[in-house]
Amino acid sequence: MMAPPGISGELPVATAGIIAAINLNSSLRRSWRSLELWPNKPGTADRIVDEEQYRVQFYGDVTALDRLVALEYRISSEALKSADICLIAARIASTVHRFSEATNYIRNAEALGASDVLCEQLALSIDQAIGRNLDNVLALRQRIARTNQSIQNLVSLGALLADLGEFDDADRAYRKAIQNYRDVSPFALAGVCFRLGLLWGETAFPRQSDQAAHWYTRAISYFPNYSHARVHLAELHLSAGRLDEAQALLDPIAASNDPEVAWRLAEIHSAKDDAEAATRHLEAARIAFNDAIHRHELAFADHGAEFYLSAGSDFARARNLASINLANRPTLRAFELAYAAAKACEDENYCARLRSEAEANWKHIKAYRTSVFGSGGT
Amino acid sequence: MSDHVDGPRTAADPSVDLTDLYAFTSPSDQTRTVLIANVFPFAGDAALFSNVVNYDLVIRPAVVTGIGNAASFKAQDPEIRFSFQFDVLNANVEDQQQAGICRLPDGRTLTVAVGNESGSITPDGRFRIFAGLRSDPFYIGWAPGEGLKSLPNLLEEDNVLSIVVEFETASVLNVTGTTLFGVIAETTPQAVLSRQLIPPPPRFDWIGRPEQTNFRLNGIAGATDLRDLWNQETPFEVSIDLIPIFKDRLIQSLKLWDMRDGKADWDLSALAASANVFLDDFLLFDPTKPISDTSHLEIEKSTIGGRPYETGGGRTLNANAIDILVTWLVNRDTGPFLQSVTEATKPGRATFPYVESPNVIPIDVTRSIDLPVTADVAWETVGQFGGQWLPMVAHIAVAGEGIGQIREIRTVDGKIIVERLTGLDDGLRTLSYELVSGIPANRYFGTLQVTPKAQGCEVTWSVSYRPDGQGYMVVNAIVSRLIVNGMESLRARFGTKQ
């Protein structure tokens, strides 16, 4: 596997994506059935959470979130008695962006004697996700990464650095994660390659589409079923007018329940002047987003808002979702999304309020300067 | 759990995670040695080996270099290695079988189709190999972190990927010289790409004796987790620089184990001797002596005890390795320290490939029908264990009375199905039975229940089973047809509810 620009040496070898996919999905089926038949067997619920999180991350599988929430419901009565179960519930709540509930579960886990390390890890992830105490989070992430340069620790650090606008540092953390990787799971490598694609394709300023495309391509080569990587790479092709390439990425996963797949296919077909196909896919996207938001509003509020701001053409709905997202996780990105929705609704008062709050909360970070509120904004 | 999930790193890569290693002489041919390495804990039904990993079994001659409190074993040359590699699948081909090769110690290679129970055998018969999904033969009913509370088998119904090597002992091990051997299994990266900036680790995991990482090197509250560090060590040659760290940890751990029953059975010198022996972490076996379900660790124990060993040591599939180990660690074999679990879900068998077929998740089939008659009326028909109301039944013969009675069903197409009554409750209107023979399934349990409703009643027929020897589709077709035809016959007999 040839290295993308800026990284010397071959990328690490990993188990073929097709094998990893078969192993993951067959393990997941078995884990669920094991839980049904032998509910008291330790470790099964933990494995299910791991495996369903892979389904969410790499397949964009909305039903994985349904199953996780069902598991949380199933175990919630035990959550008051067991630290392990509290932690499992915290992981699930965090996955569906119910961060305050996740935090409560963590507190319960601590009270029941859960490992400090595990509780701290989860709490740190939540703080990072909602943009709370990021100075402290950064210091801890840096300390953790100095002590243990695992791919997980370096990716978490890289993601935070990207959010803070330290794009070159984020890039370095991600590349180090790849270079340090000493295992064979393709999931970990595909994930960090995708992060690098996001960094240079959507987060960093100025955008570097070629580099982003390289990394999305690497992510897909590690795990061909990687839905989000295909969608984002397809977006790059679409922007560049490479419609056939864009469609070729998404047609194989058209049956996915990831709403973004239908959304982007609608845009591709629209660009190809195939009104019938565009309408069909757009309707499918609308149904899929409605459905996902209905079931997991907090998890889909941001992507839902983006959809309704563009192809979904419902600015009022976008504004509502963006507000929900902002209230749940007041990151700079959430402010930008809420601002875009308010602008689309021509609500200048709300825009002004958002600008003021964003400035108060985020002016101190580098990413603010290149955000819509900084020198790059209008 | 033996070596299952034995470190934070291996937890992310189940296909490289070794779970167990076994070494014994074949019960069906004592002139042949069997080595089994299991990998991929909690493997799913379609689990595959990684295509970028070497799965190796490595044997070295061993000598006793000290006895009593100076007990030690040293591995020597030459190395005898079996190395398996597996192919990637073609995404465009359905239902393909993973293939692999084994590089034999004599330089030959032998191909293997993953899951083919016959395995592959060299033309001269010296070597026979198997690779595929099997029932996990390991069993453990202790959770060490819970004060050694006894639990049901934590690995009940689980599967692993097994690699089995059987070979002609005399010609491969050359037992005219030393008769004692040490064996390990390891998972290592395949050939390093020369342009990789940082080379991959030397290995992902390895195993000698069971529970080296999870029981002996772990489990001390607040202590640094040394398992990943240990897993990077070279088997047979642990780094001299790191030996003090590992030895210190082993001694701390062994002290804790000793006191689990509240009394000290080990003096410090013997504990240190035990730690030294465990530092030389390879599974010792002597194929010229009897290897049985109770001989595991006998070589080590005898040597530490200052006497010649009497058995072939090793580890059979059915050895209660946990009880043998825990009894030794906790009270130095002065009295049994037993878990309640005494065998695996499917104990090992005496013939190749020795590890049993994988555990199949039960399949449940349930059908219900509403009938326009009272529950009592429907029960008069359905509740008769010998009742001939099924359309495919030509004849039923019932033997015995009450619970346990047997019915032999002769079907219209000439098949014979035998079932045993396991439950009958006229009050609740439920009838339960289990299959004895006649359908290619095991753990086959059926229940018929009649439930009164506001108008009429509902009859529910449920069957839970596991296919045995036939594909899921074949057995499911048989069972579904049985139930559907049965329900249709009730509808024909009693009419349809309006």
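A salt bridge is a side-chain nitrogen of Lys or Arg within 4 Å of a carboxyl oxygen of Asp or Glu. Keep that cut-off in mind as you look through these views of a predicted model.

**View 1. Lys74(B) and Asp280(B) pair up in a salt bridge.** The closest N and O atoms of Lys74(B) and Asp280(B) are 3.5 Å apart, so the pair falls inside the limit of 4 Å. Lys74(B) belongs to strand β4 (residues 72–75) of chain B, while Asp280(B) sits in the loop between α5 (268–279) and β15 (283–285) of chain B. The pair therefore links distant parts of the chain, 206 residues apart. Is Asp280(B) buried or exposed? Asp280(B) counts as buried because its relative accessibility is 15%, and the cut-off for buried is under 20%. Lys74(B), with a relative accessible area of 40%, is partly exposed.

**View 2. Several charged residues of chain B are linked in a network of salt bridges.** Side chains of opposite charge can pair when their charged atoms come close. Over all chains, a search of the whole structure finds 57 salt bridges.

**View 3. Two helices of chain A are tied together by Glu306(A) and Arg333(A).** Between Glu306(A) and Arg333(A) there is a salt bridge, with 3.2 Å separating the closest N and O atoms.

**View 4. Glu101(A) meets Arg98(A) in a salt bridge.** The N to O distance for this pair of side chains is 3.0 Å. Arg98(A) is buried, with a relative accessible area of 17%. Glu101(A) counts as partly exposed, because its relative accessibility is 35%.

**View 5. Chain A and chain B meet at an interface with three salt bridges.** One salt bridge to find is formed by Lys41(A) and Asp158(B), whose closest N and O atoms are 2.9 Å apart. How many residue pairs are in polar contact between chain A and chain B? The count is 11. On the side of chain A that touches chain B, the elements giving two or more residues are α1 (17–37) and α9 (167–180) of chain A. The largest share comes from α1(A), with 11 residues. This side of chain A divides into 14 nonpolar, 10 polar and eight charged residues. The contact takes 32 residues from chain A and 45 residues from chain B, and the area buried between the two chains is about 3100 Å². Carbon and sulfur atoms give 59% of that buried area.

**View 6. Ala441(B) is a buried residue in strand β21 of chain B.** Strand β21 covers residues 441–452 of chain B. Ala441(B) counts as buried because its relative accessibility is 13%. Leaving out residues up to four places away in sequence, Ala441(B) touches Leu435(B), Tyr465(B), Arg466(B), Pro467(B), Asp468(B) and Val475(B). One of these is Tyr465(B): 24 residues separate Ala441(B) and Tyr465(B) along the chain, and their C-alpha atoms are separated by 6.2 Å. Across chain B, buried residues make up 55% of the 498 residues.

Note on methods. Residues are numbered from 1 along each chain as its sequence is written. Chains are lettered from A and ligands numbered from 1 in the order in which they are written. This is a predicted model: local features need pLDDT of at least 70, side-chain atom pairs count only at pLDDT 80 or more; totals for chains, interfaces and linings use all residues. Side-chain values use heavy atoms; hydrogens and water are left out. Contact means heavy atoms within 4.5 Å. Buried area is the accessible area (1.4 Å probe) that two parts lose on being put together, summed over both. A polar contact is a pair of N or O atoms within 3.5 Å; within protein, one must be able to donate a hydrogen and the other to accept it, and residues adjacent in sequence count only if both atoms are side-chain atoms. Helices (H or I, at least four residues) and strands (E, at least two) are DSSP runs, numbered from the N terminus. Ala, Val, Leu, Ile, Met, Phe, Trp, Tyr, Cys and Pro count as nonpolar, Asp, Glu, Lys and Arg as charged, and the others, Gly among them, as polar. Buried means under 20% relative accessible area, exposed over 50%, partly exposed in between (1.4 Å probe, protein chains only).
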